Amino acid sequence: MDIVDEIRLSNRPLDERVRWLLPDARTLVLTGQVDFLWLRLLDVPAALTARRYARPGEVVLGVIDDGPDDFTGGRYRLAADGDDVTCERTACAADVVLDQRALASIYLGGFRLEGRALDGSVREENPGSLARMSVMFSTPLAPWDATWF
C-alpha cells in the first residue's frame with residue numbers, strides 16, 4: 001500500500017522529466033512554471049561564435065532590434081561545422097528574419113524557432129532555412145537556471 005499522497009517539487013526545469021518516473025504520467029499537476037532565466041545578446045557575432053551547434057550549417061540572420069539602442073540589429077552570416085564557427089556582419093539577403101528576443105530565446109537551445117513564427121517574431125525568407133536554423137540551435141534539454149539570481 002502506497003501511503004504517499006502528494007509530492008511537491010519546486011524550481012524544476014521547464015522540460016521536467018519526473019513525469020516519466022510516475023506510473024501514470026497524467027497524475028503530475030503543474031501549478032506554476034518559472035524559468036528564472038532572461039537573456040539579451042548584445043554582441044551577436046561573439047555570442048554566436050562562442051556556442052556550438054547540433055549540426056553543420058550556414059544561415060544569414062536578419063536581426064531586428066526595436067530596443068532604444070539597437071545593439072543587435074543587422075544581418076549576420078553564421079557558418080558552423082563542429083568547432084569551426086564564424087559569425088560576421090554581412091550585406092547578403094537574410095534567410096531568416098527574427099527579432100532579438102526570438103534570437104535570445106533559441107540561443108541557449110531547448111526551444112525551436114517554428115513556435116516563435118506563430119507570433120510574427122520570426123519570418124522565413126528562404127524556404128527550408130527556418131527548419132535548418134532550428135535544428136542547428138537545438139539541444140537535448142531546455143536551459144535551466146536553478147540559482148534564482
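A residue is termed buried when its relative accessible area is under 20%, exposed when this area is over 50%, and partly exposed in between (1.4 Å probe, protein chains only). The structure is a predicted model, in which local features need pLDDT of at least 70 and side-chain atom pairs count only at pLDDT 80 or more, while totals for chains, interfaces and linings use all residues. Residues are numbered from 1 along each chain as its sequence is written, and side-chain values use heavy atoms, with hydrogens and water left out.

Helices (H or I, at least four residues) and strands (E, at least two) are DSSP runs, numbered from the N terminus. Helix H2 spans residues 100-107, and because six of its eight residues are buried, this helix is largely enclosed by the rest of the structure. The buried residues in question are Gln100, Ala102, Leu103, Ala104, Ile106 and Tyr107. They pack against H1, E1, strand E4 (96-99), helix H3 (113-117), strand E5 (122-124) and H4, where contact means heavy atoms within 4.5 Å. Just after H2, Gly109 adopts a positive phi of about 85°.

Two further buried residues were examined. Ser129 belongs to helix H4 (residues 129-137) and counts as buried because its relative accessibility is 0%. Residues up to four places away in sequence aside, Ser129 touches Asp95, Val96 and Glu124. Thr72 is placed in the loop between strand E1 (57-64) and strand E2 (74-81), and its relative accessibility of 1% is why it counts as buried. Apart from neighbours within four places in sequence, the contacts of Thr72 are Arg40, Leu41, Leu42, Val44, Val63, Asp65 and Gln100.

The loop between E1 and E2 also holds Asp70, which is partly exposed at 41% relative accessibility. Most residues other than glycine have a negative phi. Asp70, although not a glycine, has a positive phi of about 45°.

Other residues lie towards the surface. Leu9 is located in the segment before helix H1 (44-50) and, at 46% relative accessibility, is partly exposed. Together with Ile3, Val4 and Ile7, Leu9 forms a nonpolar surface patch with about 450 Å² of accessible area. In the segment after H4, Thr147 is exposed, with a relative accessible area of 56%.

Notes
Patches are made of residues with over 30% relative accessible area and no salt bridge: like charges are joined within 9 Å, nonpolar side chains (Val, Leu, Ile, Met, Phe, Trp, Tyr) within 5 Å. Accessible areas come from the Shrake-Rupley method with a 1.4 Å probe; for residues, only the protein chains shown count as cover. A salt bridge is a side-chain nitrogen of Lys or Arg within 4 Å of a carboxyl oxygen of Asp or Glu.
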